[in-house]
Amino acid sequence: MIAQFGPDTALLLIDVQKGVHDLQHWGGRNGRMNNPECDERLRALLGGFRAAGRRVAFTRHDSVEPGSPLKFALPTGAQIDGLDPAPGEIVVEKSVNSGFIGTDLDAQLRSAGITRLVIAGYFTNFCVETTTRMAGNMGYDCYLVHDACATCNHADLDGTDHDPELVHAMSVGNLHGEFCTAITAADARALLGADAPHLARAQGNEPTSDIPARRIA
């Protein structure tokens with residue numbers, strides 16, 4: 001069972017900025033992204049958490065890499081439409097993959113009494129994965145909303161161009177059962193109002209963890 005998302009739970013949105021949709025920058029001439037419904041699901045998640053009175057946090061990426069579209073000085077560094085922080089919500093700015101490095105994200109979450117994180121955003125295999133791994137190791141009870149994350153195609157060391165669906169799926173598979181429990185956006189919204197007896201919590205790295213179930217909800 002997964003218990004209802006109560007006042008100890010916050011939604012953490014990772015780098016929901018317009019520059020993530022510059023597909024040629026991230027994926028090359030044939031750049032492409034999985035999960036075209038991602039932004040819509042992110043907006044629905046955000047609205048649900050706000051309506052339930054739950055805390056919301058954002059990371060915003062200001063890249064130091066030349067040519068990156070994720071720079072605050074560029075129009076592409078702005079938030080995706082409908083995903084702007086509201087007054088009083090936690091916002092941290094970073095230039096590396098993890099939302100916890102060089103920021104006071106952990107301090108702000110702890111001071112707000114947050115012990116559970118519901119994580120979504122961009123890119124699944126970069127900043128989402130790095131932040132989720134670190135959050136799990138720091139003792140947060142983590143839930144990755146896998147269908148409210150997305151990424152682009154990516155080449156391996158041999159130059160083989162792997163489709164974004166595969167890159168995304170492997171990243172989620174690496175996280176689920178070890179650093180977090182992967183759930184859907186629909187389940188995340190439902191958990192704002194009630195327990196989910198039909199779902200299994202599968203986070204590892206804990207003294208009480210059995211071998212976790214690997215099937216993603």
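The buried residues of helix α2 are C38, D39, L42, L45, L46, G48 and F49, where buried means under 20% relative accessible area, exposed over 50% and partly exposed in between, using a 1.4 Å probe and protein chains only. Keep in mind that this is a predicted model: local features need pLDDT of at least 70, side-chain atom pairs count only at pLDDT 80 or more, and totals for chains, interfaces and linings use all residues. Residues are numbered from 1 along each chain as its sequence is written, and side-chain values use heavy atoms, with hydrogens and water left out. Helices (H or I, at least four residues) and strands (E, at least two) are DSSP runs, numbered from the N terminus.

**Helix α2**

- The buried residues of α2 pack against β1 (9–14), β2 (55–61), β4 (116–122), β5 (141–150) and α6 (185–190); contact means heavy atoms within 4.5 Å.
- An α-helix has 3.6 residues a turn, so residues three or four places apart point the same way.
- After α2 comes G53, with a positive phi near 75 degrees.

- β1 and β4 run parallel and are joined by 6 bridges; two strands pair if DSSP finds at least two bridges between them. Here L13 stands opposite A120 in β4.
- β4 also pairs with β5 in the parallel sense, over 6 bridges, and V118 stands opposite Y143 in β5.
- β4, α4 and β5 make a right-handed β-α-β unit. Right-handed means that, with the strands pointing away from the viewer, the path from the first strand over the helix to the second runs clockwise.

**Helix α4**

- Buried residues in α4 are T124, N125, C127, V128, E129, T131, T132, A135 and G136.
- What covers them includes β1, β2, β3, β4, β5 and α5 (164–175).
- G139 follows α4 and has a positive phi, near 100 degrees.

**Strand β3**

- β2 and β3 pair in the parallel sense over 5 bridges, with A57 opposite I90 in β3.

**Aromatic rings**

- A search of the whole structure turns up 5 aromatic pairs. Rings of Phe, Tyr and Trp (its six-membered ring) pair if their centres lie within 6.5 Å; planes under 30 degrees apart count as stacked, over 60 as edge-to-face and the rest as tilted.
- F100 and Y140 form a stacked pair, 6.0 Å centre to centre with 25 degrees between the planes. F100 lies in the loop between β3 (90–94) and α3 (105–111) and Y140 in the loop between α4 (124–137) and β5, so the pair ties together parts that are 40 residues apart in sequence. Both F100 and Y140 are buried.
- Y122 and F123 form an edge-to-face pair, 6.0 Å centre to centre with 85 degrees between the planes. Y122 counts as buried at 1% relative accessibility, and F123 does too, at 6%.
- F5, F49 and Y143 form one aromatic cluster.
- Two arginines pair up with rings as well: R60 lies over the face of F72, at 4.3 Å from the ring centre, and the charged end of R110 sits over the ring of Y140, 4.0 Å from its centre. A charge sits over a ring if NZ of Lys or CZ of Arg is within 6 Å of the ring centre and within 35 degrees of the ring normal.

- Most residues other than glycine have a negative phi, and most peptide bonds are trans.
- The peptide bond from Y122 to F123 is cis, with omega near -25 degrees, and F123 lies in the loop between β4 and α4.
- D15 has a positive phi, near 50 degrees. D15 is found in the loop between β1 and α1 (23–27) and is buried, with a relative accessible area of 1%.
- N35 has a positive phi too, near 55 degrees. N35 lies in the loop between α1 and α2 and is buried, with a relative accessible area of 14%.
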